[in-house]
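Here is a friendly walk through one protein model, heading by heading. Please keep the structure open beside the text as you read.

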Amino acid sequence: MLTAFVLAACDAQPTVSLRRDAQVASALAQAEVNRYIEAYRARYQLAPRPPGDLQAVAETYMRRYQPGPEPRIFESSVIYDRKGRVLAEIFDEGRRVWTPLSQISPTLIQAVIATEDATFYTNRGVDRRRVVAALVQNLANPERLSGASTITMQLARNLFMPPAERFQPTLERKVNEVLLAQELTELFTKDEILEMYLNLVYFGHRAYGPEAAARTYFGKSALALSMAEATLLAGLPQQPARLDPFVNFEGAKRRQRVVLDLMVRHGYLNAATADRIFAEPIALAQDPDRRPTQAPHFVQYVRDYLARYPELDNLGRRGLNIYTTLDLDMHNLAQQIVTEQVNALRPRFNLNNAALVALKPGTAEILVMVGSADFNDARIGGQVNVVLRQRQPGSAIKPVLYAAAFDANLISPATVLWDLSVTYPVVGSRPYTPRNYDGRLRGPVTARMALAGSLNVPAVKLMEGVSLERFVEAANRMGVRSLSEEDIRRAGLAMTLGGSEVTLFDLAVSYHTIANHGEYVEPTPILRMTDARGRPIPLPPQERRQAVSPAAAYLVTDILSDNDARAPIFGVNSPLRLSRPAAAKTGTTTSFRDNLTVGYTRYLVAGVWAGNNDGRPMRNATGVTGAAPIWKMFMEAVMADPALLRTLDAPEDPAAWAFEQPSDVVRIAHPCPRELRCPPEGELFTRQWIETHLLSGPYVDAYQSGIFSRVRVDRTNGQSIQLGVCLQQRTAFDDPDAQVFLAMPRGFGELAPQWRYADAFAGQETLIALEGDEAAPDLAPTLRPFLPTPGAQRPAIFTFPNRVLEEQRSALRWAQARNTLLSLGTCAEAEGIARALYGETVRRIAISEPPRRLAAASLVGTLTVTETSVLTDVVEATSVLTTTETATERTVETETQPETRVAAETAPTPVGAGIYQLSSVSADNNCPGNYIMGRVLNRQGAPVGGVVVQMVDQWGNRATAVSKSGAADAGQFDFPIYSGSRLELSLTVMGPDGAPASPTIMLRYPPESGDARCYHLVWRDAQG
């Protein structure tokens, strides 16, 4: 039989020789068969059966015997949206989804068997009758050779033979097919052979296997095929290219008739059923090659994202099921809004394109990625994903700067930033003078108003204090990874105005960090992945880190959502105002080349870019008029759709959308000076800020309230200048004699004043707290030496950078033009500031006495050292003045020549008359908050009013309290404590001469006893 088969299958042998001498040909064929059998045994080793399921078995065989990329059994990967809707199918050589026999239509299985191998379940891999028939056919018609291939032989051909060999009309190939088929039959069951065959067979239109074919032609699974659809598919493998239903549907139908007739012949159907099936209408699905990819920019982003992981290479062959984070409904809504708005804005603004990206707060899942207004419009560069393209962000980058400043505790929302003209020298270029969008300068503005109103000049000054390096570090932590070193160097301080390029995606991620309580979460487009068999594929963990503190992030959120604060610039009903609480910021670049709006609610972050891909300027389009309307329409549309709210895990109740204030942010009310615009309910501060400014108060760098003296400077040219006021004593807000004055700029961050020991200033020796900090080259002494800590024996010098001195002069000019005064700080610092501003032209500094009686030792500030004598802070220590006395002016004569070097040792401080001893100290919760409280008693135990108690923290900050004289609170004093962390506090009773009148006691706050919030101290006069 084998010899007969060889004679029938030897298509390449000269048929004339066979007819002339069959015996000779048979002998030659037998010899050839023996030779090929030996070659087969040397070439093929099917046993033992490879481990794993059938797909793994087939893969092992194909890798062993066929060249090509891996995996050899390629499978197309499918990308889905978060709800399981197909976005795209990714394939390499073709489409395939390996499917077990149980998930394939029984009609399709029967039709294939009837058509390809009717004796499949009974033959041993080779059909003897078909071999004989092939022999007869080949002898009768040598022009049409038949190979008698069974299903098993076809499987052998696909598994073990390279494509170039599979259809060669040679004896070797036929012998190998026979032997391979017989060995496969010994190793595998018929169902296993059939499953491998069906999943490897080609159905045309790049569809391999029944599942891919069913999806390609009918848009359904192989198990869901109708009998008509199944019988149509069964006829395609014989001539898949010619019978492609999308190309030759009539030819495919004629082939279906042949299949149905074979099924009738072999008993699978009767004739009537076959006729009914043939008459059944067949509706083809849309040609997948013509089917548009859903969310094409996002699909490409997913492919690029997965390409970063080597273990997921060859996506078009691996057969992955990729379930993404994208919500197709939300994405299509965004696409519609972007397209419609671009079409509406084009005539007015010459705006031809826009992009939108949306993230889910907390998880950083990418919900929407609209890369352009029309993917298929080449005129606008529609296939370019502008979400990922670097563009200048304009002022939209400012929240990152403010978040960095808040996080570093350099400023608070109440900090005054001076919106006054400034010019910076630029090496090799023209000096840089930043300007606000409207060209106006507003003088003193709070950080809240500066950010909410998108003021440029204060932002540049803030960048100067924060420093470029610190800003870039913070931006990187928050998710802005697209800043280039060249851009950073080129933009300089203008980076805070969008002078460097970033992607809209990075910008949206940084806003997500702010919305997510300061925690950066690596954005992801993937929810989960499985292989072709449904087994989960582990995903790389998302990177998470606390980029800025939750408190700093909330301050930015509160400002960006403060409609009252941005109303002076943007109006009350700008597109940034939504029906639910939302924080948002716009950006507009030079010449109107780019518009941006980025913002968020508690449940959705979205960023929009609008402009022209080629960088052509728009026609006066700003972030408010170009990008903001798109942003607003998208946000409102999502919030109005209950289904999309469920995607966001968001409540429908608008009241539940309010931003959550963290516990380490507190609101403190304070009278607002008329020069500023302040929140009526008070400003927000972090507890860290309050702790740092425990003694001076949280508004210290904005304005000061208390009892002030006027400071006048007489100069050597005869000019007399009312310089400002200096603080004599802080008082309660409701004190009838209290006044409120704007604070003169003092510098922060890189421009902050620094402490240096006076006797080592030339060597740049620093205090321990600043050890390792080198002085800036433009620092110059601006205050007379002082004693930095209680009991210090070495005086120090307080220095300002020259840039701060320039700012101070600008602020003073602003105040003088408006006939108002600024607070220079404490009266201890007034002389030094005057000397720094006017240098050797200062002849005399006059400081008026306060408007009412003050305890002499209650002066706030430090001791001033002149030559080798220690004096009190300008106003000499005296007995308590009566309130009826008229305030007079006291003066301090200052030398016009430079100061002599200050001695390292100081004269001993005399002790006051009264000596107080600590009688008792206890800790409990019997207080209205966090306090150090106490009473001062005389020797007999009666309360004493007017006694000064001084408190100094571990940083040298001082506060004083005076025991009260009222009927109900006689002898009582208290210090409110704003800090939530540990403090080391020293307390001393001060005598009328300003000298210590008691031993200094040390307290640790909070008390170590349980949950106590306050101390109670009793000081008793041990001598009186």
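## Two residues with positive phi

His205 sits in the loop that runs between α9 and β4 (207-208). In this predicted model, His205 has a positive phi of about 55 degrees, although it is not a glycine. His205 counts as buried because its relative accessibility is 13%, below the 20% cut-off.

With a relative accessible area of 12%, Asn409 is buried. As background, most residues other than glycine have a negative phi, and most peptide bonds are trans.

## Two cis peptide bonds

Ala47 and Pro48 are joined by a cis peptide bond, with omega about 0 degrees. You will find Pro48 in the loop between α3 (22-43) and α4.

Another cis bond runs from Tyr1005 to Pro1006, where omega is near 5 degrees. Pro1006 belongs to the loop between β37 and β38 (1014-1021).

## Helix pairs

Helix α4 (residues 54-65) packs against helix α7 (residues 151-160) at an angle of about 60 degrees, and their axes are 8 Å apart. That angle makes α4 oblique to α7. On the α4 side the contact is made by Ala58, Tyr61, Met62 and Tyr65, and on the α7 side by Asn158, Leu159 and Phe160. By class, these residues divide into six nonpolar, one polar and no charged.

Helix α5 (residues 106-116) and helix α9 (residues 190-200) meet at an angle of about 90 degrees, with their axes 12 Å apart. α5 is therefore roughly perpendicular to α9. Ile109, Val112, Ile113 and Glu116 of α5 touch Leu194, Tyr197 and Leu198 of α9 in making this contact. The contact of α5 with α9 has six nonpolar, no polar and one charged residues.

## Strands and a sheet

In strand β9 (residues 416-419), Val416 and Trp418 point one way while Leu417 and Asp419 point the other way, and all are buried. β9 pairs with strand β10 (residues 443-446) in the antiparallel sense over four bridges, and Asp419 stands opposite Gly443 in β10.

Further along, four strands form an open sheet in the order β34-β33-β36-β37, with antiparallel pairing. Its edge strands, β34 (958-962) and β37 (1001-1005), each pair on one side only. From one strand to the next, the twist averages 25 degrees. Within this sheet, β33 (residues 948-952) and β34 pair in the antiparallel sense over five bridges, with Met951 opposite Ala959 in β34.

## Nonpolar cores

Which residues have the most contacts inside the largest nonpolar core? They are Leu306, Ile322, Tyr402, Ile411, Phe471 and Tyr600, in a core of 95 residues. Beyond its neighbours within four places in sequence, Phe471 is in contact with Ile397, Val400, Leu401, Met463, Val466 and Met495. A second, separate core has 67 residues, including Ile73, Phe120, Leu233 and Ile282. In soluble globular proteins, nonpolar side chains tend to be buried together.

## The whole chain

The protein has 29 helices and 38 strands. Of its 1024 residues, 56% count as buried. Among contacts with a separation of 6 or more, 70% come from residues 24 or more positions apart.

Key. Residues are numbered from 1 along each chain as its sequence is written. This is a predicted model: local features need pLDDT of at least 70, side-chain atom pairs count only at pLDDT 80 or more; totals for chains, interfaces and linings use all residues. Side-chain values use heavy atoms; hydrogens and water are left out. Two strands pair if DSSP finds at least two bridges between them. Axes are lines fitted to C-alpha atoms, for helices over the stretch in contact, and angles run from 0 to 180 degrees between N-to-C directions. A nonpolar core is a set of buried Ala, Val, Leu, Ile, Met, Phe, Trp, Tyr and Cys residues joined through side-chain atoms within 4.5 Å. Buried means under 20% relative accessible area, exposed over 50%, partly exposed in between (1.4 Å probe, protein chains only). Contact means heavy atoms within 4.5 Å. Angles under 35 degrees count as roughly parallel, over 145 as roughly antiparallel, 65 to 115 as roughly perpendicular and the rest as oblique. Ala, Val, Leu, Ile, Met, Phe, Trp, Tyr, Cys and Pro count as nonpolar, Asp, Glu, Lys and Arg as charged, and the others, Gly among them, as polar.
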